[in-house]
Amino acid sequence: MTGETIRLTLGQAIVKFMINQYVEVDGIETRFFAGLWGIFGHGNIGGVAQASQQYADDMPYYLGRNEQSMVHTAVGFSKMKNRTQCMAVLSSIGPGATNMVTAAATATINRVPVLIMAGDTFSERVQAPVLQQLESEYSQEASVNDAFRPVVRYFDRLTRPEQAITALPEAMRVLTSPADTGAVFLGIPQDVGTFAHDFPVELFHKRVWTIPRNRADKALIERAAEWLKQAKRPLILAGGGVRYSQAEGVLRDFAAKTGVPVAETHAGKGSLLYDDPLSLGAAGVAGTKGANEVASEADLVVSIGTRLTDFSTGSKSIFANPNVRFININTFELDSYKHAAIPLTGDAKATLEDLLSLLADFDTGDAYRKEMADHNAWWDAEVQRLYQMDLEPIAQSAVIGTVEASTDPQDVIVTSAGSLPGDLQKVWRCRETLSYQVEYGNSVMGYEIPGAIGAKMAAPDREVYCMVGDGTFMMNPADLALVTQERMKVIFVLVDNQGFSSVGRVSEQVGSEGYGCHYRYRTQSGRYDGEPIVLDLPKVAQGLGLDTIEVESREELAAALDKARASSASSLIYVRTDWHERIPGYSSSWWDMATAQIAETPGTQEAREDYLKNKPRQRYLMLRSEPDA
């Protein structure tokens, strides 16, 4: 420390610090913060908002329309950047802050870095209660910002400006950690953000944070290699950690040299390209026939960078072999220890390299390789059949197939909630590792449009397609104004099935016959059993500055997509589908939807009986880590 200081407000110190943060991965250095999204209000206007104006030449500011969406845009951006860059997000006090809680959960669940800052109530308290303050008779320090505590990886409320000297490096430690990353929250009281302090100049020197490739324990890697050599039917389950580690090439080599096939989670889709003979595609609830059949017989599962959620494990029903064991490669210890696995806690790329070096003489054999290639070929033919379905109205699978046919390998597809993610996970054929940018950890309605904007900001040289259902579109169409504001090109495909078809399928599963999941008029019965409500959703997009095209057939959709690609502006293509028409499940894929034990509604008892038939398939995966003596 030189003893030299610079006098800045807390808000100015935060922005100046952000400007000088860099990360390094494998020798490549990148500026970490790519910009600041914000909606200004009385809770931040004199602090970070003023600092944003002061440093606008060095820290781009982006004006949002919805606080939740700003965070989701930042998530989409960082996902596309493989977490090597992120964005900061700023809201005012009160409702602006609480609007970000859902999106903070999205970032943390997906382990994607986002810096979230919100105004907080005056630390002086003489003004209290101030506008939008939540009062408590038990504590004067509580505020609505405490709602962030369970959904972020680091929480801090800066009640003095000098607290930034220790808080900001802690925030960066978490944001750049392969294991601990997620949303980071800084609460900045309205007055404290404007307070000045003499900060040490070293705080604002350029700092490069190395994102490490931590290696797993050598003895555990050796034990894992022995397990693989003993396995007769091993399977790899690739998650998002493969992509964030940029381990796709190593995974491809590992599969090719050992003959171990690869199934994928949502976050890991594209880890192995669709036409690789060892690629089985999605596993679990939205799994392919081959992936689920192989999973059911696997005696060893090597999970890489996945949380092993119920959607990927079929609520722990797809791994049916009573002797199945797990090897888990993950930077996050919580995940590496799941299912009594050999925990290879470390970077996916480094760990796969170390493991492969011990398997020089291991191969699953020609018969197993051929079985996997046959599964791959069968599924490709099934996808083509689904893409060519000729129904009226157009089938959702045909919509997806037509969109895929219009894309180049490097183009990007974005969606999040509803029936589209499951269908896309089944059938979308990844021809490039970053092309599939679907958020499904939080499966949050309203992510699609801002997430696509974030992906486009991260990859302006790629065409970005956003497929969005009518339900999620109506939750949050306002962000379409941002593509107009930023002169950005995104191709939106709005699929309208006049209701919540995805949860409608679940409703049918529990015997409720889609109750409450259709967009219909309420009748004198008091229920929504009238005619379907017909809304002109394209006019919403048109009013926000987009070119819109309405289509009814595959041919019209293909022509509209060609027109949208040729345009330099954003377009929205609207297509109506059938609420009841869906891509089926394969190989007895099952999702545990608890069904009422007793009910008077028709169909529930039958659904309960079906539920009880499937429930025994589910089990704890706790085979002890050591083989029998």
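The model I am working from is predicted. A disulfide is a covalent bond joining the sulfur atoms of two cysteines. For this count I needed the cut-off, which is a pair of sulfur atoms within 2.5 Å. By that rule I counted 0 disulfides.

I then checked how covered the cysteines are. Cys466 is buried, with a relative accessible area of 0%. I noted that Cys86 is buried, with a relative accessible area of 0%.

**Cavities**

Rolling a probe the size of a water molecule over the atoms shows where empty space is left. I searched the whole structure and found 5 cavities of 30 Å³ or more. The largest cavity has a volume of about 200 Å³. It is lined by 20 residues, and I wrote down the closest to its centre: Tyr274, Ser279, Leu280, Gly281 and Trp379.

Which elements each supply at least two residues of this lining? I found strand E14 (279–282), helix H14 (366–387) and helix H16 (419–427). H14 gives the largest share, 5 residues. Sorted by class, the lining of the largest cavity has 8 nonpolar, 7 polar and 5 charged residues.

I went on to the second largest cavity, which holds about 70 Å³ of space. The residues that line this cavity are Asp470, Met474, Asp496, Gln498, Tyr519, Ile533, Val534, Leu535, Leu537, Tyr574 and Arg576. Helix H18 (470–475) and strand E22 (571–576) are the elements that give two or more residues to that lining. I sorted the lining of the second largest cavity into 7 nonpolar, 1 polar and 3 charged residues.

**Helix H6**

I compared the length of helix H6 (residues 164–175) with what its residue count predicts. At 1.5 Å a residue, the 12 residues of H6 should span 16 Å, and the end C-alpha atoms are 16 Å apart, so the two agree. The expected span uses one less than the number of residues.

Which residues of H6 are buried? I listed Ala164, Ala167, Leu168, Ala171, Met172, Val174 and Leu175. An α-helix has 3.6 residues a turn, so residues three or four places apart point the same way.

Notes: Residues are numbered from 1 along each chain as its sequence is written. This is a predicted model: local features need pLDDT of at least 70, side-chain atom pairs count only at pLDDT 80 or more; totals for chains, interfaces and linings use all residues. Side-chain values use heavy atoms; hydrogens and water are left out. Helices (H or I, at least four residues) and strands (E, at least two) are DSSP runs, numbered from the N terminus. Buried means under 20% relative accessible area, exposed over 50%, partly exposed in between (1.4 Å probe, protein chains only). On a 1 Å grid over the protein atoms alone, a cavity is a set of points where a 1.4 Å probe fits but cannot get out, and a pocket is an open set with protein on both sides within 12 Å along at least five of seven lines; lining residues have an atom within 4 Å of a point. Grid points are joined across faces, edges and corners, and a volume is the space filled by probe spheres set on the points. Ala, Val, Leu, Ile, Met, Phe, Trp, Tyr, Cys and Pro count as nonpolar, Asp, Glu, Lys and Arg as charged, and the others, Gly among them, as polar.
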